Amino acid sequence: MTKTLARIFSYAKPYLVYFILTVIFALLGVSLSLTVPVFIGKAVDVCIGKGQVDSSELAKIAVLLAIMVISSGIFQWIMSLCTNKLAFLTVRDLRADVFAKLERVPLKYIDKSTKGELTSRVINDIEIISDGLLQGFTQFFSGIITIIGTLIFMMFINIKIAVVVVILTPLSFLAASKITKATHNSYMKQSKMRGDMVSFAEEMAGNQKIVKAFVYNKRAEERFGEINKQYGEIGAKATFFSSMTNPTTRFVNGRIYAAVGLMGAMGAIGSFSFIGKMTVGNLSSFLAYSNQYTKPFNEISGVFAELQNAVASAQRVFNVLDEDEVSDDSDKQKLTDCNGNLSFENVCFSYHPETKLIENFSLDVKAGQRIAIVGPTGCGKSTIINLLLRFYDIDSGRIKISGHDIMDISRDSMRSSFGMVLQETWVFTGTVAENISYGMPEADRDKIIAAAKAVHAHGFIKRLPNGYDTVISEDSGLSQGQKQLICIARIMLMNPPMLILDEATSSIDLRTEHRIQRAFTKLMQGKTSFIIAHRLSTIKNSDVILVMNNGNIIEQGSHKELMAKGGFYAGLYNSQFES
């Protein structure tokens with residue numbers, strides 16, 4: 001816990017000025033509030049009997065009390081303002097670092113983590129850290145100053161009773177520490193369950209069509225109910241332990257207050273000589289200080305549950321920040337002379353060491369060739385693309401582009417040589433023009449329009465309310481095919497030397513597909529192209545067709561050559577026309 005807190009506050013280091021201001025105004029505010037009991041005691045001493053009331057002195061004390069109380073309130077308000085600023089800036093930087101980290105972690109980390117879990121860590125967990133800091137740090141810091149200050153004032157009034165208070169104080173710490181340990185463990189489990197619940201809700205909400213189509217509604221509700229019940233049980237346990245802290249410390253502190261009152265009263269009436277003589281005013285001041293002394297323990301224990309929750313969430317956030325990153329290769333050679341030649345040399349790769357996938361894969365591709373990759377699901381077609389773009393690194397062997405080993409050139413320069421259209425469409429919230437120019441933000445409007453026309457997207461774009469300036473998103477009402485056309489237009493605009501088309505026309509009607517195929521044919525002239533397709537009729541004109549099964553190339557050749565062999569490819573091709 002200590003290391004986690006230290007790491008959280010390391011993010012506050014750049015905003016040290018707000019911390020210093022917090023300390024200054026906390027000292028001013030608490031110092032003024034600590035002088036209040038002294039004047040209360042004096043007020044009591046100037047009106048202790050009938051006919052013994054000094055009205056003028058009492059009025060002066062009342063005015064001074066009002067000034068100190070108001071000033072203390074103002075200083076503490078400014079302290080809270082500085083603390084809030086410190087907390088908000090701290091969690092802002094933390095959230096930015098987590099988001100940037102997710103951009104740098106290997107793709108395998110993203111693949112093995114659910115979207116809801118990652119979203120929960122970036123938003124919910126960091127928000128809990130913010131709440132914990134806001135509610136905890138201010139009261140914790142001012143509480144420490146109050147404890148020290150009241151202890152000093154009590155010692156000036158009566159050092160013997162003050163020593164008794166100090167001796168009894170550890171009872172509060174002991175009671176709080178026992179409960180705190182159980183609270184922390186419960187909040188750790190609660191944070192995990194919160195991530196599971198957000199992940200499940202995101203998964204079900206994002207796939208409602210599938211859920212309803214397979215009549216999974218009832219089972220989804222039951223599953224969510226189970227998770228929600230577990231979350232509720234763990235949350236109730238965490239709340240129970242945290243709620244025990246404050247009343248337990250209040251009970252212990254109440255006993256301390258009672259002991260102080262009894263000893264002070266005996267001293268005031270002179271029946272306990274060990275305590276020494278005390279005036280009624282001194283006793284009033286001491287009781288006020290005793291209450292102020294124990295109150296921070298109650299407040300700190302009350303917000304400690306929030307701090308525990310914040311620490312538990314912080315540990316989940318720091319787990320993300322501690323993940324291994326993709327190595328920085330910006331200093332490596334830049335691929336500036338890509339001619340389209342490409343080769344795989346005895347490449348071996350598997351996602352899991354115990355499950356073999358690609359073994360001794362070799363392939364030599366000449367510039368300008370169209371390479372189609374076909375085969376049953378799970379045979380390794382998309383894995384070839386993952387390795388080619390270094391989304392995953394190979395276990396052994398070599399991949400060369402234009403004679404350069406891809407391990408010797410920077411990822412950015414290598415990836416910029418490829419244009420890729422996937423089966424899954426993706427558009428972000430922005431204008432149509434911004435979406436098309438995603439890979440080339442400096443492109444002018446004429447080039448954007450030309451790219452849209454090349455893929456036959458210009459017509460439906462012009463019919464949108466604001467044409468190319470229409471703001472779109474994943475939920476803006478565009479059809480799957482229209483979004484795919486925008487994705488294809490991106491590649492048309494970039495005009496890269498190599499292309500990767502992974503079921504690029506699967507969401508488009510046949511008429512539009514024929515048009516786009518002609519546009520692709522024009523685009524692919526002189527470019528090395530990799531085409532992954534399940535509809536084998538779309539790759540009949542490829543220069544080379546690679547037939548894969550179990551991670552290996554089992555056949556290769558042109559469509560005519562493979563059909564003439566009557567082998568695995570011929571069986572796949574003919575199966576499309578079987579009734």
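The following legends describe close-up views of a predicted model.

**View 1. Packing of helix H2 against helix H3.** Helix H2 spans residues 16-45 and helix H3 spans residues 55-104. The two helices pack at an angle of about 155 degrees, and their axes lie 8 Å apart. Because angles over 145 degrees count as roughly antiparallel, H2 is roughly antiparallel to H3. The crossing of these two helices is left-handed.

**View 2. Residue classes in the contact of H2 with H3.** In the left-handed crossing of H2 and H3, the contact comprises 24 nonpolar residues. Eight polar and two charged residues complete the contact by class.

**View 3. The cavity of the model.** The structure holds one cavity of 30 Å³ or more. The volume of the largest cavity is about 70 Å³. Its lining consists of Ile-8, Phe-9, Ala-12, Thr-83, Leu-86, Ala-87, Thr-90, Leu-133 and Phe-137. Two or more lining residues come from each of helix H1 (2-10), H3 and helix H5 (115-157).

**View 4. Composition of the lining of the largest cavity.** H3 gives the most to this lining, with four residues. By class, the lining of the largest cavity has seven nonpolar and two polar residues, and no charged residues.

**View 5. Crossing of helix H14 and helix H16.** Helix H14 covers residues 445-454, and helix H16 covers residues 480-494. Their axes come within 8 Å and cross at roughly 125 degrees. H14 and H16 are therefore oblique to each other. The crossing in which H14 passes H16 is right-handed.

**View 6. Residues in the contact of H14 with H16.** In this right-handed crossing, H14 contributes Lys-447, Ile-448, Ala-451, Ala-452 and Ala-454 to the contact. From H16, the contact is made by Ala-489, Met-492 and Leu-493. By class, the contact of H14 with H16 has seven nonpolar residues, no polar residues and one charged residue. Lysine counts as charged, and Lys-447 of H14 is one of the contact residues.

Key. Residues are numbered from 1 along each chain as its sequence is written. This is a predicted model: local features need pLDDT of at least 70, side-chain atom pairs count only at pLDDT 80 or more; totals for chains, interfaces and linings use all residues. Side-chain values use heavy atoms; hydrogens and water are left out. Axes are lines fitted to C-alpha atoms, for helices over the stretch in contact, and angles run from 0 to 180 degrees between N-to-C directions. Angles under 35 degrees count as roughly parallel, over 145 as roughly antiparallel, 65 to 115 as roughly perpendicular and the rest as oblique. A crossing is left-handed if the near helix is turned anticlockwise from the far one by less than a right angle, and right-handed if clockwise. On a 1 Å grid over the protein atoms alone, a cavity is a set of points where a 1.4 Å probe fits but cannot get out, and a pocket is an open set with protein on both sides within 12 Å along at least five of seven lines; lining residues have an atom within 4 Å of a point. Grid points are joined across faces, edges and corners, and a volume is the space filled by probe spheres set on the points. Contact means heavy atoms within 4.5 Å.
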